[in-house]
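This briefing is meant to be read alongside the sequence and the model. Please keep both in view while going through the points below.

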Amino acid sequence: MQLFCHKLNFCIFVISAVFLFSCTSQKKMIYLQHLSETDSLLHNSYGEETYRIQPGDVIFVRISSLNKEINEIFNSSDFVTSSYINEISLYYKGYLVSDEGKIEMPVLGKIDVANKTLNEIQQLIQYKTMEYFKEVYVTVKYGGFKVTVLGEVRHPGVFYFYNNKITLLEALGQAGDLNEFGNRENILLLRTSNKGIENKRINLLDKNIIKSPYFYLQPNDVIYVEPIKTKAWKLNSANVSIILSSISTLILVISFVLKIQ
């Protein structure tokens, strides 16, 4: 009986050791590892404007002038004066790109914007507007830069940004960062284009993601953070601890009884 108790104690020790070493190490929690001061000078050419507008996108166009009549023609007064802008107002006040890749504006008519960058669209609308009016300034932005973050983050959901350049880290920060179960070495990025859906695996621990074409997000990107392999073990660790503690107590009682006898 004593031999059995010793073997059982040894088994408990082994199981406890497995739980101990299955814990995520600190090294696997640190982003952009080995990033030095010289790396701060790296230039990511993909940070330049590379996204080209696709059918179904919504873009916001504002034409400004000292002439109030021109402003009223192109810009909704309730939208311009509003201090609160969200994705709903941008959607209804922006221009939806048709299946043909065009938007239709007052006076200017239909404008082909598909496969053009925002800067190219801005220059095109500026040129067309100058054919009718002088001293006008054109601003073109995304009608809500939408990114979806799912999986092992603290606040998954759909997020809207109102600037034209968003990084992967900004999107994850908006989602509350990864939780303790998030796999930082194998994040899935889904990107939709006119060619289909592209998927890419990203390692947040690797400093070279700063130079990656996927470090800067594009509208409608989906980020999925997979769980680490030991998540199931960790979720059940409380129950296992109770069981091991009960077994250990039982062994102590049995050992005590045997000694008395």
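In β4, Gly109 is the bridge partner of Met105, and this pair belongs to strand β3 (residues 102–105) and strand β4 (residues 109–112), which pair in the antiparallel sense over four bridges. This is a predicted model, in which local features need pLDDT of at least 70 and side-chain atom pairs count only at pLDDT 80 or more, whereas totals for chains, interfaces and linings use all residues. Residues are numbered from 1 along each chain as its sequence is written, and side-chain values use heavy atoms, with hydrogens and water left out.

**Confidence**
- The chain averages a pLDDT (the predictor's confidence in each residue, from 0 to 100) of 78, and 65% of the residues score at least 70.
- Among the elements of the chain, β10 has the highest mean pLDDT, at 96, while helix α3 (residues 77–80) has the lowest, at 49; helices (H or I, at least four residues) and strands (E, at least two) are DSSP runs, numbered from the N terminus.
- Over residues 18–22 the pLDDT stays under 50, and the model has six contacts (heavy atoms within 4.5 Å) beyond four places in sequence for them.
- Over residues 78–83 the pLDDT likewise stays under 50, with eight contacts beyond four places in sequence.

**Hairpin β3–β4**
- β3 and β4 form a hairpin with three residues between them, and Val107 in the turn has a positive phi of about 70°; for strands to count as paired, DSSP must find at least two bridges between them.

**Three-stranded sheet**
- Three strands form an open sheet in the order β2-β1-β5, with antiparallel pairing, and its edge strands, each pairing on one side only, are β2 (95–96) and β5 (136–142).
- Seven bridges join strand β1 (residues 58–65) to β5, the two running antiparallel, and Ser65 stands opposite Val136 in β5.
- Helix α5 (residues 118–130) lies across β1 and β5 and runs at about 150° to β5, where axes are lines fitted to C-alpha atoms, for helices over the stretch in contact, and angles run from 0 to 180 degrees between N-to-C directions.

**Five-stranded sheet**
- An open sheet of five strands has the order β7-β6-β10-β8-β9, with mixed pairing; its edge strands are β7 (157–161) and β9 (196–202), each of which pairs on one side only, and the twist averages 20° from one strand to the next.
- Strand β8 (residues 187–193) and strand β10 (residues 221–225) run antiparallel and are joined by three bridges, and Leu188 stands opposite Tyr224 in β10.

**Aromatic pairs**
- Rings of Phe, Tyr and Trp (its six-membered ring) pair if their centres lie within 6.5 Å, with planes under 30 degrees apart counted as stacked, over 60 as edge-to-face and the rest as tilted; by this rule the count comes to five aromatic pairs.
- Tyr142 and Phe145 form an edge-to-face pair, 5.5 Å centre to centre with 85° between the planes, and ring pairs link Tyr51, Tyr142 and Phe145 into a cluster.
- Both Tyr142 and Phe145 are buried, where buried means under 20% relative accessible area, exposed over 50% and partly exposed in between (1.4 Å probe, protein chains only).

**Asn179**
- Asn179 has its place in the loop between α6 (168–174) and β8, and Asn179 is buried, with a relative accessible area of 13%.
- The side chain of Asn179 reaches the backbone nitrogen of Phe181 at 2.8 Å and that of Gly182 at 3.1 Å.
- Not counting residues up to four places away in sequence, Asn179 touches Glu152, Val153, Arg154 and Arg184.

Conventions: Polar contact = N/O pair within 3.5 Å; in protein donor to acceptor, adjacent residues only side chain to side chain.
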